[in-house]
Amino acid sequence: MRWDDFRSSDNVEDRRGDGGGGGFRMPGGRGGLGIGTIIIVGIVGWALGINPAVLIGGLEAINGMSGGSAPQQQQAAPRTAPQGAPKDELGRFAAAVLAQTEDVWTELFRAEGKTYQDPKLVLFSGATRSACGGAQSAMGPFYCPLDQKVYLDLSFFQEMKSRFKAPGDFAAAYVIAHEVGHHVENLIGILPKVQQAQARASSRAEANNLSVRVELMADCLAGVWAYHANARFRILEPGDVEEALNAASAIGDDRLQKQSQGYAVPDSFTHGSSQQRVNWFTRGLKTGSMQQCNTFSGAI
């Protein structure tokens, strides 16, 4: 799929210096990518998640963001961040995927008599600031509900290819769609309810379980996006679904923990096992229904 054939979203803040991104190329061999590696923080990796300082208010945030359970205060984002679609290849790819999520979710919300509010996508290198606190490459992509922005260091796609063995442009598109799934959760009121429930949780395991359900729902919503984007734009090529499923499997908590420490601790999962992530993405992809993404009812 030539992503350049699609429009680019205007809802992009490019904080990568001058926005050039000269060394980037498309993931998975469709144009190669070259920028350092990302340090994966903690045994879970916190890949593809919501900023933990916001979602799990009672748990200790990673990488020095927070030292306790006090809620994060909103912080001002840089005023100098340039706006508009990036000019480099990988930046244009991200902007095109974001545009497709805007088109799909606008129609799905309209069908239910609701109005979809587009999120912003912040592209950065190394570190930046969000309304939820500091953002660093080591955290992986995340969504901040306080400013309704997705934060992404595009070098994460190289990390997917080299560390997680999950290359491909559709695998990268899944990453963005997953974070936009968190935005959808925020708009429909899921995230505030989960944060409140986690504050009342009687144990860390209970709070972790709520986090897992939020992440699996975002996986399912990413599948819903893929279903409708393909129906409307014919974005899927042979092997694309396999790329996304491989990415979902590669970032399961069990797989990440086993790679890091040799064994998995289910009570500490915050994103779900590889099989769970694959199952919920597949459910969304096959049904195209938001109603099928209720991970808060029954077993997961």
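**Reading contacts and burial in a predicted model**

Mentor: Arg 163 has a relative accessible area of 45%, so it is partly exposed. The model we are reading is predicted.

Trainee: Which cut-offs place a residue in the buried, partly exposed or exposed class?

Mentor: Buried means under 20% relative accessible area, exposed means over 50%, and partly exposed is in between. Apply that to Glu 159, which at 2% is buried. Glu 159 forms a salt bridge with Arg 163, and their closest N and O atoms are 2.3 Å apart.

Trainee: How many salt bridges does the structure hold?

Mentor: There are 10. One of them pairs Glu 13 with Arg 15, with 2.8 Å between the closest N and O atoms. Both of these residues are buried. Arg 15 also has a polar contact, side chain to side chain, with Thr 128 at 2.8 Å. Thr 128 belongs to strand 4, residues 127-130, and its relative accessible area of 12% makes it buried.

Trainee: Which residues are linked in a network of salt bridges?

Mentor: Arg 7, Glu 102 and Asp 103 are linked in that way.

Trainee: What is the nearest side chain of opposite charge to Asp 147, a buried residue with no salt bridge?

Mentor: Lys 149, at 5.0 Å. A salt bridge needs the nitrogen and the carboxyl oxygen within 4 Å. The side chain of Asp 147 has a polar contact with the side chain of Tyr 151 at 2.5 Å. A polar atom of the Asp 147 side chain also lies 3.1 Å from the backbone nitrogen of Ala 131. Leaving out residues up to four places away in sequence, Asp 147 touches Ser 130 and Ala 131.

Trainee: Where is Asp 147 found?

Mentor: In the loop between strand 6 (142-144) and strand 7 (149-152).

Trainee: How do I read an aromatic pair?

Mentor: A pair of aromatic rings is described by the distance of the centres and the angle of the planes. The structure holds 8 such pairs. Phe 170 and Trp 225 are stacked, with 6.1 Å from centre to centre and 15° between the planes. The pair links distant parts of the chain, since Phe 170 is in helix 4 (residues 169-187) and Trp 225 is in helix 6, 55 residues apart. Both residues are buried.

Trainee: What angle and distance describe the pair of Tyr 174 and Phe 281?

Mentor: The planes stand at 85° and the centres are 5.4 Å apart, so this pair is edge-to-face. Elsewhere, Trp 105, Phe 109 and Tyr 116 form one aromatic cluster.

Trainee: How many residues of helix 6 are buried?

Mentor: 21 of its 30 residues are buried, so helix 6 is largely enclosed by the rest of the structure. Helix 6 (residues 204-233) reaches 43 Å from its first C-alpha to its last, close to the 44 Å expected at 1.5 Å a residue.

Trainee: What follows helix 6?

Mentor: Arg 234, which has a positive phi, near 55°. Glu 237 is in the loop between helix 6 and helix 7 (240-250). At 31% relative accessibility, Glu 237 counts as partly exposed. Its C-alpha is separated by 9.1 Å from that of Phe 170, although Glu 237 and Phe 170 are 67 residues apart along the chain.

Definitions and conventions. Residues numbered from 1 in each chain as written. Predicted model: local features only at pLDDT ≥ 70, side-chain atom pairs only at ≥ 80, totals over all residues. Heavy atoms only, no water. Helix = DSSP H or I, 4+ residues; strand = E, 2+ residues; numbered from the N terminus. Buried < 20%, exposed > 50% of the residue type's maximum accessible area, 1.4 Å probe, protein only. Lys, Arg positive; Asp, Glu negative; His and termini not counted. Polar contact = N/O pair within 3.5 Å; in protein donor to acceptor, adjacent residues only side chain to side chain. Contact = heavy atoms within 4.5 Å. Expected span 1.5 Å × (residues − 1). Phe/Tyr/Trp six-rings, centres within 6.5 Å; stacked < 30°, edge-to-face > 60°.
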